[in-house]
Amino acid sequence: MSCKAQDTEDKSKRPSPPATASQKIESGATITIDYSQPSVKGRTIGKDLEPMDGQVWRTGANEATVFETDKDVTIQGKKLPAGKYGLFTLFNGDDATIIFNKTWKQWGAFKYKDADDALRVKADVDKLSSPSEKMAFNIKPSGEVDLMWGGRKVDFTVK
């Protein structure tokens, strides 16, 4: 498929359609997360479906997930300048690391390079009482960002 054809493709018809979470948080920054929303469809996360433990995940499907902030923020208390970032996640058992990478425009995590990381933070991982069939992000006005996928909820705080 040529680049021009990809640009005109109706992404809403993909098996993992595009989704956006956006919120102006209490600090005054507007946070936007653009991602593609995979579904479990009876598969097992970590076996038949990403994320796999110990492997960097694009935190969604298709193109890498993009995290954008219009103002400088802190995430889990660490500084992140305004801009666009590839949002990646690394799971190791019940631990999760959220990665903000300077290379935001890429397909999947195939060209991911840790040398381009702008920030890495540890995130809290909890079990969901009701598993999430579709991966989804929720951003609260307080700056708490929740990622729900399968039986896990991962959250981190933006201020």
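**From the loops to the core**

Ser16 lies in the loop between α1 (3-8) and β1 (18-24), where helices (H or I, at least four residues) and strands (E, at least two) are DSSP runs numbered from the N terminus. Ser16 is buried, with a relative accessible area of 13%; buried means under 20% relative accessible area, exposed over 50%, and partly exposed in between, with a 1.4 Å probe and protein chains only. Leaving aside neighbours within four places in sequence, Ser16 is in contact (heavy atoms within 4.5 Å) with Ser36, Gln37, Pro38, Ala61 and Asn62.

The model is a predicted one, in which local features need pLDDT of at least 70 and side-chain atom pairs count only at pLDDT 80 or more, while totals for chains, interfaces and linings use all residues. Residues are numbered from 1 along each chain as its sequence is written, and side-chain values use heavy atoms, with hydrogens and water left out. The protein chain averages a pLDDT (the predictor's confidence in each residue, from 0 to 100) of 92, and 95% of the residues score at least 70. Over residues 1-6, however, pLDDT stays under 50, and the model has one contact beyond four places in sequence for this stretch.

Asn62, one of the contacts of Ser16, belongs to the loop between β2 and β3. Most residues other than glycine have a negative phi, and most peptide bonds are trans. Asn62 has a positive phi, near 60 degrees, and at 14% relative accessibility this residue counts as buried. Lys41 also lies in the loop between β2 and β3 and has a positive phi of about 50 degrees although it is not a glycine, but Lys41 is exposed, with a relative accessible area of 52%. The loop between β2 (30-36) and β3 holds Pro51 as well, and a cis peptide bond with an omega of about 5 degrees joins Glu50 and Pro51.

Which residues line the largest cavity? Rolling a probe the size of a water molecule over the atoms shows where empty space is left. On a 1 Å grid over the protein atoms alone, a cavity is a set of points where a 1.4 Å probe fits but cannot get out, and lining residues have an atom within 4 Å of a point. Grid points are joined across faces, edges and corners, and a volume is the space filled by probe spheres set on the points. The structure holds one cavity of 30 Å³ or more, and the largest cavity contains about 30 Å³ of space. Its lining consists of Ile45, Pro51, Phe91, Leu147, Trp149, Arg152 and Val154, with β9 giving the most, at four residues.

Two residues of that lining, Phe91 and Arg152, also meet in another way, for the charged end of Arg152 sits over the ring of Phe91, 4.1 Å from its centre. A charge sits over a ring if NZ of Lys or CZ of Arg is within 6 Å of the ring centre and within 35 degrees of the ring normal. Lys84 likewise lies over the face of Trp104, at 4.3 Å from the ring centre.

A pair of aromatic rings is described by the distance of the centres and the angle of the planes. Rings of Phe, Tyr and Trp (its six-membered ring) pair if their centres lie within 6.5 Å; planes under 30 degrees apart count as stacked, over 60 as edge-to-face and the rest as tilted. A search of the whole structure finds five aromatic pairs. In one of them, the ring centres of Phe67 and Phe100 are 5.0 Å apart and the planes stand at 75 degrees, so the pair is edge-to-face. Because Phe67 lies in strand β3 (residues 65-69) and Phe100 in strand β7 (residues 95-101), this pair ties together parts that are 33 residues apart in sequence. Phe67 counts as buried at 0% relative accessibility, and Phe100 is buried with a relative accessible area of 0%. Phe100 also forms an edge-to-face pair with Phe156, at 5.9 Å centre to centre and 80 degrees between the planes. Since Phe156 lies in strand β9 (residues 144-157) and Phe100 in strand β7, the pair ties together parts that are 56 residues apart in sequence. Phe156 counts as buried at 2% relative accessibility, and Phe67, Phe100 and Phe156 form one aromatic cluster.

Terms used. On a 1 Å grid over the protein atoms alone, a cavity is a set of points where a 1.4 Å probe fits but cannot get out, and a pocket is an open set with protein on both sides within 12 Å along at least five of seven lines; lining residues have an atom within 4 Å of a point.
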